[in-house]
Amino acid sequence: MSRQANGIYCNCCGRKICGADNHEHTDFLLIQKEWGYFSENKDGEIHSMDICEPCYDKLVKSFAIPPEMNQTTEIV
């Protein structure tokens, strides 16, 4: 996870996503994974990362099977 004292940065491109004071803000994807006993070599590790929307779009385009997408009727 790329959270520093002066804000949150995209782990893919390094772009600032959110300032420390939350005045600068854009939506982003937070991924957190705690690896269990059945991982190949990450048992007990916790990986966290923040990905900005443009990097998310690039990542999704590389998938063999795209993620399932649904529309919400309320945005909070």
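This report describes the strands, core, cysteines and selected residues of a predicted model.

## Basis of the model

The model is predicted, with local features requiring pLDDT of at least 70 and side-chain atom pairs counted only at pLDDT 80 or more, while totals for chains, interfaces and linings use all residues. Residues are numbered from 1 along each chain as its sequence is written, and side-chain values use heavy atoms, with hydrogens and water left out.

## Sheet and hairpin

Helices (H or I, at least four residues) and strands (E, at least two) are DSSP runs numbered from the N terminus. Two strands pair if DSSP finds at least two bridges between them. An open sheet is formed by three strands in the order β1-β2-β3, with antiparallel pairing.

Strand β2 covers residues 7-9 and is joined to β1 by two bridges, the two strands running antiparallel. R3 has I8 of β2 as its bridge partner. On the β3 side, β2 pairs in the antiparallel sense over three bridges, and Y9 has K16 of β3 as its bridge partner. The hairpin of β2 and β3 has six residues between the strands, and G14 there takes a positive phi near 85°.

## Nonpolar core

A nonpolar core is a set of buried Ala, Val, Leu, Ile, Met, Phe, Trp, Tyr and Cys residues joined through side-chain atoms within 4.5 Å. For burial, the classes are buried (under 20% relative accessible area), exposed (over 50%) and partly exposed (in between), computed with a 1.4 Å probe on protein chains only. The largest nonpolar core has seven residues, namely I8, C10, I17, C18, I51, C52 and C55. At least two residues of this core come from each of β3 (16-19) and β5 (46-52). In soluble globular proteins, nonpolar side chains tend to be buried together.

C10, one of the core residues, lies in the loop between β2 and β3. Its relative accessible area is 2%, so C10 counts as buried. Contact here means heavy atoms within 4.5 Å. Not counting residues up to four places away in sequence, C10 touches R15, I17, D50, I51, C52 and C55. C10 and K33 are 23 residues apart along the chain, and their C-alpha atoms are separated by 17 Å.

## Cysteine sulfurs

A disulfide is defined as a pair of cysteine sulfur atoms within 2.5 Å, and the structure holds zero of them. For C13, the closest cysteine sulfur is in C55 at 3.7 Å, which is too far for a bond. For C52, the closest cysteine sulfur is also in C55, at 3.6 Å, again too far for a bond.

C13 is partly exposed at a relative accessible area of 44%, whereas C52 is buried at 1%.

## W35 and its loop

W35 is placed in the loop between β4 (28-34) and β5. With a relative accessible area of 27%, W35 is partly exposed. Leaving aside neighbours within four places in sequence, W35 is in contact with K42, D43, G44, E45 and H47. W35 and V76 are 41 residues apart in sequence and 31 Å apart in space, C-alpha to C-alpha.

A charge sits over a ring if NZ of Lys or CZ of Arg is within 6 Å of the ring centre and within 35 degrees of the ring normal. The charged end of K33 sits over the ring of W35, 5.1 Å from its centre, and the charged end of K42 also sits over the ring of W35, at 5.1 Å from the centre.

G36 lies in the loop between β4 and β5, and is partly exposed at 36% relative accessibility. The C-alpha atoms of G36 and K61 are separated by 28 Å, with the two residues 25 residues apart along the chain.

## Helix α1

P54 is found in helix α1, which covers residues 53-61. The relative accessible area of P54 is 41%, so P54 is partly exposed. P54 and Y37 are 17 residues apart along the chain, and their C-alpha atoms are separated by 33 Å.
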